[in-house]
Amino acid sequence: MCGIVGYVGKKDCSEVLVDALRKLEYRGYDSAGIAVFEDGKIKVAKEKGRLDDLVEKMKREGVPCGHIGVGHTRWATHGVPSATNSHPHAGGDKVTLVHNGIIENYKELKEQLISLGRVFKSETDTEVVAQLLDYNYEGDPIAAIKKTLAQVEGSFALGILFADRQGELYAVRRESPLIVGVGEDETFIASDVPAIIKYTNQYYLLEHDEIALLSENGVSFCDLEGDKIEKELKVADWNQEAAEKGGYEHYMLKEIHEQPTAVKTTITPRISHKLPCLEECGVTAETLKDINQIYIVACGTAMHAGMVGKYVIEKLARVPVVVDIASEFRYREPLINEGDLVIIISQSGETADSLAAMRLAKKMGAKTLAIVNAKGSSIAREADMLIYTHAGPEIAVASTKAYMVQISVMYLLGFLFALAKGKIDEAECMRLTEILTSVPEYLEKTINDVDKDCEDISKHLLEADSLLYIGRGLDYALSMEGSLKLKEISYIHSEAYAAGELKHGTISLITEGMPVIAVATQVSLLDKTISNIKEVKARGAVVILVCDKEIQVDCDVADYIIRIDKIEECLMPMLAAVPLQLLAYYTSVHRGNDVDKPRNLAKSVTVE
């Protein structure tokens, strides 16, 4: 979720770049930097921390002075947050650039470049692109960009300065978003509209493998062959707040739509040679193979991600997993032994109950693994092993993309655990990992496929006093999260129940017209789940069924059916989460609630 900006014009470039980067602070970052043409040379200023830290450094050491430059706010994926790892990165004497996204084959490219005598200063995948582009550059920017893009794999957006092209700024993208703004006698690049809305509301959308050239003469576009492209100039009619939401009505909806990118950003750096690779996080096959018992400790949505992780790890690795609510964990005198693994999941990394639980686990001799989103947080600092998720900031109180990246990490961990324990071989681990890498594409399709259905169906929930979510196995774990989402933002009472437990009391609550949301994506449990659904339908429930497109369902089973694509059964919760999120979102919208700031709730719970 890094932020890119670039400027060509008559204003003080450094001032414009810093101002534009401030408009992207909502995306989250841990360092910032700019590069500006000053007196014929590219001057770089960058610093770890906030933009104010960069500004203070420039006051001490000098502010780059010029009219053409690029800027960046970084959310670390490769290399710890530091001034050295901050953008912009120089590739040598010829190229300086900023980069959003992931270079999937950066390790292989780095080895090749080192063998050619290239010396690296940072730990980032970005410097690999800079070095490669510098190596390929022989005076023709388009040819160098084309050659470089043919060698790199991944998703990325680049803002590029060539040292011998002092009046020009180049930009190119593949999958990662980038726009080109057009003002009066000035042009911009940015990863999002908010960065430039103060200066202009006119912009072009840069498409896949298109190159933009910004200069004092304006802006032009071409493909990788150098052939000119004509593009449509768009006009944004958003105010600043709407711009930060990317045109979405609420942050929550924006964050639902950001899930494909967030998952890809989280899992891609953790896959090497088609296998999960968590060595940089301190997690190896050696550390996992002797683990006999796992505790997953978390709160709320993070705990529900842990429930998915429990099913996956137990099924694939055959290791017992206990999922505990962090606020209860310490007070039941848990039976933790040396050599056990305690996994703490927390978006903020500051959740008080989770932090206390981790400290207790460490005292009792367990190994601790933290899965957090916030860099440098308390839980991140104190854990023995650490996996950062790369959701970027989540503004809406109700968590969506943070949950999705948490469970994506649990899948990687489950696959690696099973391999380390010898329960699956490399071929099977590769197969599962490959399917996981396809999930972002499926997620994007699912969001588009079910959005309208979810909005329409949500209107039938508005007057409900109470409703149930039911499912079995992984579907039950997912139902818990769906129920929480609805109650958080719609204020309708809802409960999740294991479908097989209905007859043990809960079915007495079913009344005529009561909504029941049933999740049925686990084929091995399908017949039993359908039988449970029929039980509530026979007692007057209005049933909303979430299932895959291949399931054949009799017309009398459900009143409304939301169908999603079918992938590997154990990965279905990632797709099935989407309609549950959208149902909750649209129900809240239609009830006139403050979707992003539900009453009585806070984003980070830092007290018990």
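Visitor: What should I keep in mind about the numbering and the model?
Guide: Residues are numbered from 1 along each chain as its sequence is written, and because this is a predicted model, local features need pLDDT of at least 70 and side-chain atom pairs count only at pLDDT 80 or more, while totals for chains, interfaces and linings use all residues. Side-chain values use heavy atoms, with hydrogens and water left out.

Visitor: Why are helix 1 and helix 2 called roughly antiparallel?
Guide: Two packed helices are described by the angle between their axes and the distance between the axes. Axes are lines fitted to C-alpha atoms, for helices over the stretch in contact, and angles run from 0 to 180 degrees between N-to-C directions. The axes of helix 1 (residues 13-22) and helix 2 (residues 51-61) cross at roughly 165° and come within 11 Å. That angle makes helix 1 roughly antiparallel to helix 2, since angles over 145 degrees count that way, under 35 as roughly parallel, 65 to 115 as roughly perpendicular and the rest as oblique.

Visitor: Which residues make that contact?
Guide: Contact means heavy atoms within 4.5 Å. Helix 1 brings Val 18, Leu 21 and Arg 22, and helix 2 brings Leu 51, Asp 52, Val 55 and Met 58. By class there are 5 nonpolar, no polar and 2 charged residues in the contact of helix 1 with helix 2, where Ala, Val, Leu, Ile, Met, Phe, Trp, Tyr, Cys and Pro count as nonpolar, Asp, Glu, Lys and Arg as charged, and the others, Gly among them, as polar.

Visitor: What makes helix 16 and helix 18 roughly parallel?
Guide: The axes of helix 16 (residues 474-490) and helix 18 (residues 572-590) cross at roughly 20° and come within 9 Å. Helix 16 and helix 18 are therefore roughly parallel to each other. Their contact has 11 nonpolar, 4 polar and 1 charged residues.

Visitor: How do you know that helix 10 and helix 14 are roughly parallel?
Guide: Here the axes of helix 10 (residues 300-317) and helix 14 (residues 401-420) come within 9 Å and cross at roughly 20°, and the two helices are therefore roughly parallel. The residues of their contact divide into 14 nonpolar, 5 polar and no charged.

Visitor: What makes a space a cavity, and how many cavities are there?
Guide: On a 1 Å grid over the protein atoms alone, a cavity is a set of points where a 1.4 Å probe fits but cannot get out, whereas a pocket is an open set with protein on both sides within 12 Å along at least five of seven lines; lining residues have an atom within 4 Å of a point. By this rule there are 2 cavities of 30 Å³ or more. The largest cavity has a volume of about 70 Å³, and its lining includes Cys 2, Trp 75 and Asp 125. That lining divides into 2 nonpolar, 7 polar and 2 charged residues.

Visitor: What lines the largest pocket?
Guide: The largest pocket holds about 1,300 Å³ of space. Of its 38 lining residues, Glu 175, Ser 176, Pro 177, His 257 and Thr 261 lie nearest its centre. Helix 15 gives the largest share of the lining, 5 residues. By class, the lining of the largest pocket has 16 nonpolar, 11 polar and 11 charged residues.

Conventions. Grid points are joined across faces, edges and corners, and a volume is the space filled by probe spheres set on the points. Helices (H or I, at least four residues) and strands (E, at least two) are DSSP runs, numbered from the N terminus.
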